[in-house]
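Dear colleague,

I am passing on the structure we spoke about, and below it you will find what came out of going through it. Please read the notes alongside the coordinates.

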Amino acid sequence: MIVCAPLLAAVVAPPAIDGPVYSLVTRGPNGRFNFNIVTYLTAVAHAPERWYAASLYHGTESRENFLAGNGGVVQILADEHAPLTELLGKQSARDVDKLAEIERRGVGVRSVRDYPVLDGCLGCFELAATSVHTCGDHDVALCRMLWYE
């Protein structure tokens with residue numbers, strides 16, 4: 001009898017992904033802005049319009065704001081924004097005013113088409129959801145890009 005070793009070893013965690021880090025800025029019904037980290041965002045078409053699939057975590061204000069028809073602005077973060085990832089990705093807007101905290105930390109913010117955007121971000125674009133699908137603990141929104149800067 002021949003016994004072969006398995007070709008694949010058990011993996012405890014997936015390898016780190018070296019790719020862009022995105023933050024979604026949304027506006028609530030009260031006019032207050034929220035920032036979060038978008039873990040899963042990908043382009044799905046580029047012509048004649050640009051389309052994206054965005055993942056929105058259940059139970060977050062960002063998801064509620066985005067799906068309430070307000071959409072949101074995605075900003076492409078730069079290395080200098082790394083100190084903000086804990087604030088944007090692990091803290092809830094229900095507990096902290098993220099824009100006020102960003103400003104308190106001395107990070108510059110500018111207005112782009114009536115949205116606050118971090119100084120130094122590599123680009124930003126507005127998305128509007130056209131359909132939404134529940135996938136486990138996230139919703140995946142198919143979005144049309146409205147503009148890019």
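In what follows, Ala, Val, Leu, Ile, Met, Phe, Trp, Tyr, Cys and Pro count as nonpolar, Asp, Glu, Lys and Arg as charged, and the others, Gly among them, as polar. The model is a predicted one, in which local features need pLDDT of at least 70 and side-chain atom pairs count only at pLDDT 80 or more, while totals for chains, interfaces and linings use all residues. Residues are numbered from 1 along each chain as its sequence is written, and side-chain values use heavy atoms, with hydrogens and water left out.

First, the sheet. Helices (H or I, at least four residues) and strands (E, at least two) are DSSP runs numbered from the N terminus, and two strands pair if DSSP finds at least two bridges between them. On that basis 7 strands form an open, antiparallel sheet in the order β2-β1-β5-β8-β9-β4-β3. Because β2 (33-38) and β3 (41-45) stand at the edges with a single partner strand each, one side of each is left without a neighbour in the sheet.

Within the sheet, β1 (residues 22-27) pairs with β2 over 6 bridges, and Val 25 has Phe 35 in β2 as its bridge partner. Further along, β5 and β8 are joined by 5 bridges, with Val 74 opposite Phe 125 in β8. Between β8 and β9 there are 10 antiparallel bridges, and these two strands form a hairpin with 2 residues between them, where Gly 136 in the turn has a positive phi of about 65 degrees.

His 138 lies in strand β9 and counts as buried because its relative accessibility is 15%, where buried means under 20% relative accessible area, exposed over 50% and partly exposed in between, with a 1.4 Å probe and protein chains only.

Finally, the pockets. A pocket is an open set of points on a 1 Å grid over the protein atoms alone, where a 1.4 Å probe fits, with protein on both sides within 12 Å along at least five of seven lines, and lining residues have an atom within 4 Å of a point. A volume is the space filled by probe spheres set on the points, which are joined across faces, edges and corners. The largest pocket has about 620 Å³, and its lining has 15 nonpolar, 6 polar and 1 charged residues.

With best regards
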